[in-house]
Amino acid sequence: MKKSSSATPASKQPAIQEELGVKLMTAKHPVIKKLKKEHPTSIHGDKFWSSSYLLMDYLNDNPPKKNTNILEIGCGWGLTAIYCSKRFKCDVTGVDADPDVFPYLQAHAGLNEVYIKPLVKTFDQLDVETLSEYDLIIGGDICFWDSLNDTLFDLFKRAKKAGVNKAIIADPQRQPFVDLCARLDDNFSHEVWDWELPEPTPANGDILIVDFDKS
Ligand SMILES: C[S@@+](CC[C@H](N)C(=O)[O-])C[C@H]1O[C@@H](n2cnc3c(N)ncnc32)[C@H](O)[C@@H]1O
């Protein structure tokens, strides 16, 4: 995004910001600087991606019930997981293939005084038995390679078998995600919403809701 001339210079930006009531450390925070040296991430889990802001905004309008068992897939630093725990008092697990994202997630969970259960697994390793522990799957910006189209399609099939109610996935309309949505037409009951968030951090993209109960 183009910076406006009135944007706060980087040196004056605060080390902690707030997004829908969740505290976030910015890149200039000493904890983040230290973690970046000790835990370089390997599959793009190197920041909070804007799809997470979209997902939080959608969930703000469509809140999950208290104590819902939520699995955030490709959680990265776990912003939406933390939001669901803090705002809706849900029980949340964050799963990611990259173990190096979890120190960032734990640092933010601590800052926000919530607990997120960490799980290091790939999407393919989430079997029916594991998925059966959850009511809702959420994810932000997790369909960025063509191969992830098949991976997520198969994950949805297992989620349906496992009795998961819904999956809610936000994406900045990357092609593999758009292809995945089109592919769901004949297989799952689903909706895709164009979503725009003007502030505090502007973001736009799609929200995919797969309703396994109706599929
Ligand atoms: C673009 S980042 C998004 C992170 C987070 N959802 C957000 O919105 O800030 C994608 C995340 O998915 C994880 N990931 C990528 N492929 C994966 C796979 N096959 N299984 C599990 N996690 C994966 C990456 O490690 C990374 O943390």
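In β9, Glu196 has Asn204 as its bridge partner. That pair belongs to a predicted model. The model holds a seven-stranded open sheet, a largest nonpolar core of 54 residues and a ligand with 22 residues around it. The points below take these in turn, then turn to single residues.

**The sheet**

- Seven strands make up the open sheet, and their order is β5-β4-β3-β6-β7-β9-β8. The pairing is mixed.
- Strands β5 (117-120) and β8 (189-197) stand at the edges. Each has a single partner strand, so one side of each is left without a neighbour in the sheet.
- From one strand to the next, the twist averages 20°.
- Strands of a sheet pair through backbone hydrogen bonds, in either a parallel or an antiparallel sense.

**Strand β9 and its two partners**

- Strands β8 and β9 pair in the antiparallel sense, over nine bridges. Glu196 with Asn204 of β9 is a bridge pair. His190 has Val210 of β9 as its bridge partner.
- The peptide bond between Glu199 and Pro200 is cis, with omega about -5°. Most peptide bonds are trans.
- Strand β7 (residues 166-171) also runs antiparallel to β9 (residues 203-211), and six bridges join them. Lys166 stands opposite Asp211 in β9. Asp171 stands opposite Asp206 in β9.

**The nonpolar core**

- The largest nonpolar core has 54 residues. Ile70, Ile82, Leu105, Ile137 and Ala167 have the most contacts inside it.
- In soluble globular proteins, nonpolar side chains tend to be buried together.
- Which residues does Ile82 touch, not counting those up to four places away in sequence? They are Val22, His108, Ala109, Asn112, Val114 and Ile116.

**The ligand shell**

- There are 22 residues around the ligand. Ile43, Gly45, Gly74, Gly76 and Gly140 come nearest.
- The shell divides into 10 nonpolar, nine polar and three charged residues.

- Glu72 is found in strand β3. Is Glu72 buried or exposed? Glu72 is buried, because 30 other C-beta atoms lie within 10 Å and the cut-off for burial is 20 or more.
- Leaving aside neighbours within four places in sequence, Glu72 is in contact with Gly78, Thr80, Ala81, Val92, Gly94, Val95, Ile138 and Gly139.
- Glu72 and Asp100 are 28 residues apart along the chain, and their C-alpha atoms are separated by 16 Å.
- Phe102 lies in helix α4 (residues 102-111). Phe102 counts as buried because it has 23 C-beta neighbours inside 10 Å.
- Phe102 and Phe156 are 54 residues apart along the chain. Their C-alpha atoms are separated by 24 Å.

- Most residues other than glycine have a negative phi. The next two residues have positive values.
- Asn67 is found in the loop between α2 (50-61) and β3 (69-73). Phi of Asn67 is near 70°.
- Why does Asn67 count as exposed? Asn67 has 11 other C-beta atoms within 10 Å, and a residue is exposed with 12 or fewer.
- Leaving aside neighbours within four places in sequence, Asn67 is in contact with Lys89, Cys90 and Asp91.
- Asn67 and Leu184 are 117 residues apart in sequence. In space they are 29 Å apart, C-alpha to C-alpha.
- Glu113 is placed in the loop between α4 and β5. Glu113 is not a glycine, yet its phi is about 55°.
- Glu113 is exposed, with 10 other C-beta atoms within 10 Å.

Key:
Residues are numbered from 1 along each chain as its sequence is written. This is a predicted model: local features need pLDDT of at least 70, side-chain atom pairs count only at pLDDT 80 or more; totals for chains, interfaces and linings use all residues. A residue is near a molecule or strand if its C-beta atom, placed from the backbone, lies within 6 Å of it. Ala, Val, Leu, Ile, Met, Phe, Trp, Tyr, Cys and Pro count as nonpolar, Asp, Glu, Lys and Arg as charged, and the others, Gly among them, as polar. Two strands pair if DSSP finds at least two bridges between them. Helices (H or I, at least four residues) and strands (E, at least two) are DSSP runs, numbered from the N terminus. Axes are lines fitted to C-alpha atoms, for helices over the stretch in contact, and angles run from 0 to 180 degrees between N-to-C directions. A nonpolar core is a set of buried Ala, Val, Leu, Ile, Met, Phe, Trp, Tyr and Cys residues joined through C-beta atoms within 7 Å. Two residues are in contact if their C-beta atoms, placed from the backbone, lie within 7 Å.
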